[in-house]
Amino acid sequence: MATDSRMTFAAEANTALRLGVLMLSAGAASYRVIRSVKRAARSMGFDRADVLVGFNTISCTFHHGDQFQTVVADVPLPGVNSSRIEALETTTHNMLQDYHTADEINAALDEIEQIPTPRWTLSVAAMSAGLACADFAVLNQFGWVAALLVFVAAACGQCVRVWLHRKNFNVLGVTTVAAFVSSSIYLIVATFLGNVSGVPAAYAPGFIAAVLFLIPGFPLFTAFVDLARFDFTAGIPRFLFALEVIVVIMLTVTVVAMLADIPPADGVINAHSWQYLASGALASFVAVGCFALLFNSSRRMALLAATTGLIANVGRLWLIAFEVPGFLAAFMAALFIGVAGSQAGQVGRVPRVTVTIPASVVMIPGPTMYRAVLNFANGDTPAALYALTDVTLAVLFIAGGLIIARLITDPDWAFSRQINFSKHLDGTALPINT
């Protein structure tokens, strides 16, 4: 009998760990992973659960009376799967009231694992990458011709990226090859058109937009959220992972720029007329929605993110038109995204992160990134670092806006409220969102 009890204890511990592994591998923040594991442990009758989450590791110790069980898992390199995060959070918030055994919870997790991953076909993913980057080019006033070239280059780069991922190629290797393919295709075609038209500088800046689909927005902004709660075991390695990928992208496009000898861009015309705001609104909507699809979001999540991003980004452009500093405008837009994303998530029953992060990526300043790459390629390090500082400030202020919005809208997160293991669970299960 004692042996049966120990086996049941171990099975329940492994089930709670499995839930945490699925959350972590889908790209969820450590806070969400910890609370999900603790909710599962509470549902199965544990007295306490100590959970330590890293970037790709998770360690849990479960207590029941004078017994305890420690389980550890090494998670494959986390990706981004918004649909899985949504299904898992639906389970932990709405179904664990009625699931009190390992078998019941495992059955729910089995159903979640059957959700198609990726949700979208390669053709849809390639179109999404192309449209997202092309609309980013429109937002940064690179021109419609540049946007068309960006669409082709980014779509080709996404196809290469997916193919290499399926071969289990190293993530940094995938990033390098995809960035090289996208930027090279763009510059080859842009150079040809430039030679024909006699104005090669007109299209040059767009090659930065062609690699934007590679920017690790999900782990980058999730890392800032982890660090804001002092979850250093997850936040620091996640931030370093995002930084590694960004550095690889920048180094790759810098090498391509040096080989191609790209010309300096013409000054960007800040035509903040109603026509520009209208085109910016449409571009924001499409870009954010397509980035959401790249994160394996459902149509509902993509629509909520696109609507939120449209309003926020048009507001940011309007503020810039009145000479508000770019990083301050980005902060205010991110604050709106965080607050509105929280409300949209509650109404649409989706995790806020699936709304806020896609809506934030498009606010990264493309022209400034171009100047940084160009100056590095030309050996003008001080000017490159100056431009890179502007980009860094913009990213930090975007992250700051999202964090402050979280403090305002999520009391559990803001006040570090713990899961109450003495709470009696009783409720009606809701269907898993597939």
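Because the model is predicted, local features need pLDDT of at least 70 and side-chain atom pairs count only at pLDDT 80 or more, while totals for chains, interfaces and linings use all residues. Residues are numbered from 1 along each chain as its sequence is written, and side-chain values use heavy atoms, with hydrogens and water left out.

Let me start with the charged pairs. Taking a salt bridge as a side-chain nitrogen of Lys or Arg within 4 Å of a carboxyl oxygen of Asp or Glu, the count comes to eleven. One of them joins R300 to E86, with the closest N and O atoms 2.3 Å apart. R300 sits in helix α12 (residues 299-321) and E86 in helix α3 (residues 82-94), so this pair ties together parts that are 214 residues apart in sequence; helices here are DSSP runs of H or I with at least four residues, numbered from the N terminus. On accessibility, where buried means under 20% relative accessible area, exposed over 50% and partly exposed in between, with a 1.4 Å probe and protein chains only, E86 is buried at 2%, whereas R300 is partly exposed at 34%.

A second pair is R238 with D226, whose closest N and O atoms are 3.7 Å apart. This pair links R238 in helix α10 with D226 in helix α9, twelve residues apart. R238 counts as buried at 2% relative accessibility, and D226 is buried at 1%. There is also a network of salt bridges that links R32, E89, R406 and D410.

Now to the largest pocket, which has a volume of about 1,400 Å³. Of the 45 residues that line this pocket, the closest to its centre are P78, G79, V80, R161 and H165. Helix α6 gives the largest share of the lining, five residues. A pocket is defined on a 1 Å grid over the protein atoms alone, as an open set of points where a 1.4 Å probe fits, with protein on both sides within 12 Å along at least five of seven lines, and lining residues have an atom within 4 Å of a point. The volume is the space filled by probe spheres set on the points, which are joined across faces, edges and corners.

Note on methods:
Helix = DSSP H or I, 4+ residues; strand = E, 2+ residues; numbered from the N terminus.
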